[in-house]
Amino acid sequence: MNEPPNRKPPVRRPIKRKKVVKTVVPAKTPLGKGKKAAKPFPTREQIAEFLKSRDDTVGKREIARAFHITGDDRVRLKQLLQEMAEDGQLEKRRGRRMRAPGAVLPNVAVLRIVAIDADGEALAQPVRWEEEEPPPRIVMAAEGRGQGALAVGDRVLARLQQDEDGGWTGRTMRRLETQADVRVVGVFRRGRDGQARIVPADKRARDTWPVREGDTGGARDGDLVEALVEASDRLGPRRTVVTARYGDAEDPRSISLIAIHTAGIPTEFRPKALAQAEAAEPAALGSRVDLRQVPLVTIDGADARDFDDAVWAEPDPDHPGGWHLIVAIADVAHYVPPGSPLDRDAFERGNSCYFPDRVVPMLPETLSNGLCSLRPDEDRACLAADLWIDAQGRLKRHRFRRGLMRSSARLTYEQVQAARNGQPDETTGPLLEPVIAPLYGAYEALLAAREKRGTLELDLPERKVQLGEDGRVASIGVRPRLDSHKLIEEFMIAANVAAAETLSDRSLPALYRVHDQPDRARVESLKEFLAPLGYTLSLGQVMRPRVFGQILERAQGRPEEPMVNEMVLRAQAQAVYSPDNLGHFGLALPRYAHFTSPIRRYADLTVHRGLIRLLGLGKDGATEEELSRLEEIGTHISVTERRAAQAERDAVDRYLASWLSDRIGAILPGRIGGVAKFGLFVKLDESGADGLVPISTLPDDYYDHDEAAHALVGRRWNRVFRLGARVRVRVTEADPLTGSTVFALVDAGHGADVEGLPPLAEPGRRGRPRPGSRPGFGPRRGPRR
């Protein structure tokens with residue numbers, strides 16, 4: 001057994017050693033009976049080591065007790081601690097507490113899972129956080145075999161470790177409370193042993209879920225199903241119950257269903273809401289303004305089914321060069337009063353969702369494709385904005401009226417553009433001079449105002465998936481960007497500005513479309529990224545969209561143009577709905593509200609109701625209860641908007657993976673569109689499909705992730721794989737179920753850097769691999785496989 005550290009030496013120990021110990025006591029410091037030798041005063045290094053050893057902050061009293069400091073030495077300690085703080089050797093916190101610099105977190109802490117990122121990693125924050133700055137980002141290590149993946153809301157006791165790059169990694173020691181119910185969408189499979197399991201459709205999920213025989217819900221092998229994984233406080237697998245079947249997972253029509261149900265988007269309307277929609281009748285003229293003689297037209301995509309805006313323009317006789325515009329919007333508020341069953345279902349959805357093969361509407365089709373759709377040659381109720389602009393496109397005045405209109409034609413963007421280019425068809429021919437030409441005249445004035453404001457013009461092509469009759473991908477391309485698209489956009493922006501100004505000028509609470517200025521930290525990161533490219537971004541100036549616009553203009557036609565557009569987008573704040581008007585940074589507008597799409601956006605419906613109440617246009621305007629809930633409404637529909645956008649992207653990714661699954665082994669050109677510590681994301685030129693190149697498949701080396709430069713750099717051979725670099729890849733995996741695609745680089749022996757950029761480091765400057773590392777290893781990664 002080990003001896004206790006304070007036990008006296010054994011009797012057999014030579015007596016002369018005691019005498020040696022006594023000789024170290026200075027003669028001028030005699031020891032009285034029972035007194036101990038004075039402890040030496042601690043050095044800076046000793047105090048710093050003590051702070052590093054502590055899991056939390058400490059006070060001066062604890063430091064004094066640890067080093068046995070008493071009496072007048074306390075004053076000396078206080079002075080030393082102050083000097084260490086000034087020199088950056090310690091940090092002072094609240095309540096006169098101190099800690100080692102950078103030691104933000106203890107070694108062990110209780111964490112709450114707050115998000116699952118795009119790579120499937122669980123992100124956590126400390127449950128207790130009393131500091132002024134935001135809590136650090138903690139990436140949780142993968143759970144052990146047999147343990148379910150962490151879910152948002154889970155609480156764990158975790159061991160924390162700070163990484164070399166300053167980030168934090170957490171490893172679960174124990175889950176502290178019962179897991180919540182989990183809803184899973186996936187494919188029902190039976191193994192050779194007869195055991196039923198669900199293979200999740202979410203590519204971030206790492207586990208399959210076993211299903212007991214009585215809980216299968218009649219599902220057959222290969223069915224796309226939804227299941228509930230029930231909460232449990234017992235050890236072992238949690239009970240998984242199949243709650244819905246959606247047909248054969250191999251059916252191409254299941255691709256959108258996977259995205260819809262994985263995102264939790266409601267697909268069924270409640271019976272009362274459907275009954276209310278079925279009972280709706282066409283609006284009568286009554287007190288409405290009769291606009292049926294105005295040749296309003298709708299201009300939409302060829303595949304659009306709901307038409308909620310119509311436009312018309314004429315020269316303004318009172319102002320040479322000016323224009324009078326009418327933007328007529330479907331009067332959805334007439335059919336969806338606040339608090340009604342339809343209103344509750346519309347609020348729950350927040351917006352319509354659009355997929356390559358279907359639409360999940362915010363309102364039942366009886367309204368969205370019927371009474372609220374501005375179909376040609378049919379009387380429709382509308383809320384019309386009359387806008388007067390001058391020759392420079394500036395909005396001079398406006399008014400809103402409730403009317404009854406009749407669309408003259410349902411036009412497509414391609415039709416209108418062809419007519420403008422001198423190729424009218426039988427529909428656009430008669431409309432070219434009286435209708436289409438004035439629309440373009442007003443558009444040119446609005447475009448001049450836009451250019452003068454200096455808006456943010458990002459060139460980010462939108463992927464278009466074209467399906468065949470069998471539901472499979474027939475072609476993949478980029479949606480064209482025509483002047484006819486821009487025309488409608490400018491008309492809608494002008495109407496949205498008029499709505500925001502009307503509500504703001506009269507101080508009625510409203511939901512604004514808010515796009516705040518970019519966060520300074522993101523701008524600093526963008527500056528660091530742009531510097532090696534030769535772009536200057538001054539942080540001292542007031543941030544305006546024009547500043548970013550000048551960078552984008554300079555990048556046009558250069559090799560780095562795609563990645564500059566992508567990085568400028570990443571630096572921007574996310575647009576949200578809020579009753580606090582912060583302006584719209586991207587459009588360079590001080591007041592902006594969504595007004596033009598109430599069929600598919602709940603925010604627009606609230607704006608319509610606000611205008612109806614404010615202007616006395618009817619009794620179905622906003623209620624006091626609705627106005628008091630605007631902040632809650634804004635938060636909810638901002639979330640549903642992001643949910644829909646993610647589901648739409650996921651569906652497109654799955655269609656692209658389905659398309660690539662027939663091209664395994666094909667070699668295709670692309671660009672590096674993202675760089676992470678675990679590999680590269682490559683975007684293909686032809687389809688825009690994204691795929692991962694795992695770091696383990698890169699040429700043998702030890703790769704450092706240069707986060708500022710968005711690059712992986714080999715230590716031994718100095719290979720550089722940088723964001724924006726052109727590459728060729730081989731398709732090695734493509735899974736339509738999860739939408740995940742894996743590539744392998746072709747001819748990557750010398751790296752993949754962007755043409756014309758300076759090297760990130762001179763050869764030989766990055767040193768040798770770390771001791772114990774071998775070629776093919778990445779940071780905290782295993783060997784190549």
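**Cysteines.** I started with Cys353: its relative accessibility is 3%, so I logged Cys353 as buried, given that buried means under 20%. Cys382 goes down as buried too, because its relative accessible area is 0%. A reminder to myself: this is a predicted model. Next I checked for disulfides, taking a pair of cysteine sulfur atoms within 2.5 Å as the criterion. The count came to zero disulfides.

**Aromatic pairs.** How many aromatic pairs does the structure hold? I got seven.

One of the seven is Phe347 with Tyr602. The ring centres sit 5.6 Å apart and the planes are at 65°, so I put this pair down as edge-to-face, the cut-off being over 60 degrees. Where in the chain are the two partners? Phe347 is in helix α7 (residues 341-349), while Tyr602 is in helix α15 (residues 602-615). That puts the partners 255 residues apart, so to my eye the pair links distant parts of the chain. I looked up burial as well, and both Phe347 and Tyr602 are buried.

Then I took Phe400 and Phe595. Their centres are 5.3 Å apart with planes at 75°, so this pair is also edge-to-face. I found Phe400 in strand β20 (residues 395-406), and Phe595 in the loop between β25 (576-578) and α15. The contact therefore ties together parts that are 195 residues apart in sequence. Buried or exposed, these two? Phe400 is buried, and Phe595 is buried as well.

**Arginines over rings.** I also looked for charges over aromatic faces. Arg349 lies over the face of Phe269, at 3.8 Å from the ring centre. Arg513 lies over the face of Tyr577, and there I noted 4.5 Å from the ring centre.

**A sheet.** Last, I traced an open sheet of three strands. The order reads β29-β30-β31, and the pairing is antiparallel. Which strands are at the edges? They are β29 (703-706) and β31 (720-722), each pairing on one side only. On average, neighbouring strands in this sheet are turned by 15° against each other, direction ignored.

I zoomed in on β29 and β30 (residues 711-714): they pair in the antiparallel sense over four bridges. For His705, I picked out its bridge partner in β30, which is Leu712.

Definitions and conventions:
Residues numbered from 1 in each chain as written. Predicted model: local features only at pLDDT ≥ 70, side-chain atom pairs only at ≥ 80, totals over all residues. Heavy atoms only, no water. Buried < 20%, exposed > 50% of the residue type's maximum accessible area, 1.4 Å probe, protein only. Phe/Tyr/Trp six-rings, centres within 6.5 Å; stacked < 30°, edge-to-face > 60°. Helix = DSSP H or I, 4+ residues; strand = E, 2+ residues; numbered from the N terminus. Lys NZ or Arg CZ within 6 Å of the ring centre and 35° of its normal. Pairing = 2+ DSSP bridges. Axes fitted to C-alpha atoms, helices over the stretch in contact; angles between N-to-C directions.
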